[in-house]
Amino acid sequence: MHLAEIAALRAIPAAGIQLALTQRCPLSCAHCSTDSSMGGTQFPGGPFRRLVESFTRDDHPEVVLMSGGEPLLRAGLVTELAGRARQAGTRSYVLSGMYFARSGRGLPGPIRRALGSVDHLAASLDAHHEREVARAEVYRAVHAALDLVPGVSFQVTGVDDDDPYLAETVADIRREFADRVPVLVTHLQPTGRARARPPAPAAGPVAAPAAGPGPCDFATWPLVGYDGTVYGCARQSLLDRHRPAHLVLGRATDGWPALRARREARALLRMVRAIGPELTQRRFGSGEPAGGPCATCMRLSEEPATAARAQQYLDGAAGRAVERMARALAEDRDPYRFVARWGSARYSRLVALGWEDACAG
């Protein structure tokens, strides 16, 4: 599965689901967005298994995205979940910090089996990460993974598009892999341990990426948190601290059909997906939004009348038309739009590197 396919699906509601398999990680990156460590939270794999087992050939997400912490610390669980998802027609993606590359002895057996089971591996790389795992070690592991995984990519993070690290690293990856491996470039966000690091985050109690008005792309794919709670928003770092009622969909054990149905029944979540949280607050709440779109979203449930007014609007012709237009915008399957809006606009075209080779293969 090529990175461009995943990017094209990213804005489509319920096209994917993200599983935060563990908060544990053997690396100590200074900027970790999830504040992960080996003392982090990790619950049994049962809820994740129950959820994936509820996928059917007729009702399943197109992609299951596994992240952490370091999801490949649970290599056996990754192997199991990817295999069960594939039986229902769901492809799988795993994002790794590549901790296993430090050994210099090749891919360990459990890691090799996990990589052989997934459809895409994304290797994380940034300046802080390279102090934990050398770039050359990551490259060796990625070269080995290319023989096992249908799709491989890099996720490279820098301060902003002018960060010299990004220009140097992207050029180096393109040389090393002869433009066969796509690259997703993102910016450092003030979440997790990065909250204490410069540059200073945007003003407000909950910082958010800069974005104009419009549908919220983070409210499209549900997230299963470390403890099996399922949210209608994929911003894990926020949901570790805030659990607004309109974003809590239930438990992983409730199963995909029930969780998907709840997503469609929540008026506030539907309006956030259609027009974004700030316009939802202005249109249906009392008072102006404050602190940015994510901070506004975290407070939408505080006033019950806001949800009631949103539901009344959605029941009318105008509300249904707005939802249809937002859905059409999401389904244009532009692989660059989500990346340019929430990651790096300058480097967004790199998500399609190697596309021709993937199609030919």
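I count a residue as buried when its relative accessible area is under 20%. The model I have open is a predicted one.

**Cysteines**

I started with the sulfurs and found zero disulfides in the structure. C297 is in no disulfide either, with the sulfur of C216 as its nearest cysteine sulfur, 6.4 Å away. I then checked burial for both. C297 comes out at 7% relative accessibility, so it is buried by the cut-off I opened with. C29 has a relative accessible area of 8% and is buried too.

Next I went through the backbone angles. The peptide bond running from G68 to G69 is cis, and its omega is near 20°. I placed G69 in the loop that joins β2 (63–67) to α3 (75–88).

M98 is not a glycine, yet its phi is positive, about 60°. It belongs to the loop between β3 (91–96) and α4 (109–117). Is M98 buried or exposed? Buried: I get a relative accessible area of 0% for M98.

D179 is another non-glycine with a positive phi, also about 60°. I found D179 in the loop between α6 (164–176) and β6 (183–187). With 28% relative accessibility, D179 goes down as partly exposed.

**Aromatic pairs**

How many aromatic pairs does the structure hold? I count six. F55 and W256 make one that is edge-to-face, with 5.9 Å from centre to centre and 80° between the planes. F55 sits in the loop between α2 (46–53) and β2, while W256 is in helix α8 (residues 256–265), so this pair ties together parts 201 residues apart in sequence. Both F55 and W256 are buried.

I also looked at F284 and Y313. Their ring centres are 5.3 Å apart and the planes meet at 55°, so I noted the pair as tilted. This pair links distant parts of the chain too: F284 is in helix α10 (residues 277–284) and Y313 in helix α12 (residues 304–314), 29 residues apart. F284 is buried at 1% relative accessibility. Y313 has 19%, which still counts as buried, given that the limit is 20%.

One more item for this page: Y139, F154 and F177 form a single aromatic cluster.

**Charges over rings**

Then I turned to arginines facing rings. R10 has its charged end over the ring of W221, 4.4 Å from the ring's centre. R349 lies over the face of Y336, and there the distance to the ring centre is 3.8 Å.

**Around P61**

I came back to the loop between α2 and β2, where P61 is found. P61 is buried, at 0% relative accessibility. Which residues does P61 contact once its neighbours within four places in sequence are left aside? I get A14, A15, G16, I17, F55, T90 and W256. That list takes in F55 and W256, the edge-to-face pair I noted above. I also checked P61 against S103: they are 42 residues apart along the chain, and their C-alpha atoms are separated by 35 Å.

**Helix α13**

My last stop was α13 (residues 317–330). It has 14 residues and spans 20 Å from first C-alpha to last, close to the 20 Å expected at 1.5 Å a residue.

Which residues of α13 are buried? I listed G319, V322, A326 and A330. They cover an arc of only 75° around the axis, so they fall on the same side of α13. An α-helix has 3.6 residues a turn, so residues three or four places apart point the same way. The buried residues pack against α9 (267–275), α12 and α14 (337–342). Here α12 turns up again, the helix that carries Y313. On the other side of α13, I found A317, R324 and M325 exposed.

Note on methods. Residues numbered from 1 in each chain as written. Predicted model: local features only at pLDDT ≥ 70, side-chain atom pairs only at ≥ 80, totals over all residues. Heavy atoms only, no water. Helix = DSSP H or I, 4+ residues; strand = E, 2+ residues; numbered from the N terminus. Buried < 20%, exposed > 50% of the residue type's maximum accessible area, 1.4 Å probe, protein only. Phe/Tyr/Trp six-rings, centres within 6.5 Å; stacked < 30°, edge-to-face > 60°. Lys NZ or Arg CZ within 6 Å of the ring centre and 35° of its normal. Disulfide = S-S within 2.5 Å. Contact = heavy atoms within 4.5 Å. Expected span 1.5 Å × (residues − 1). Arc of directions from axis to C-beta.
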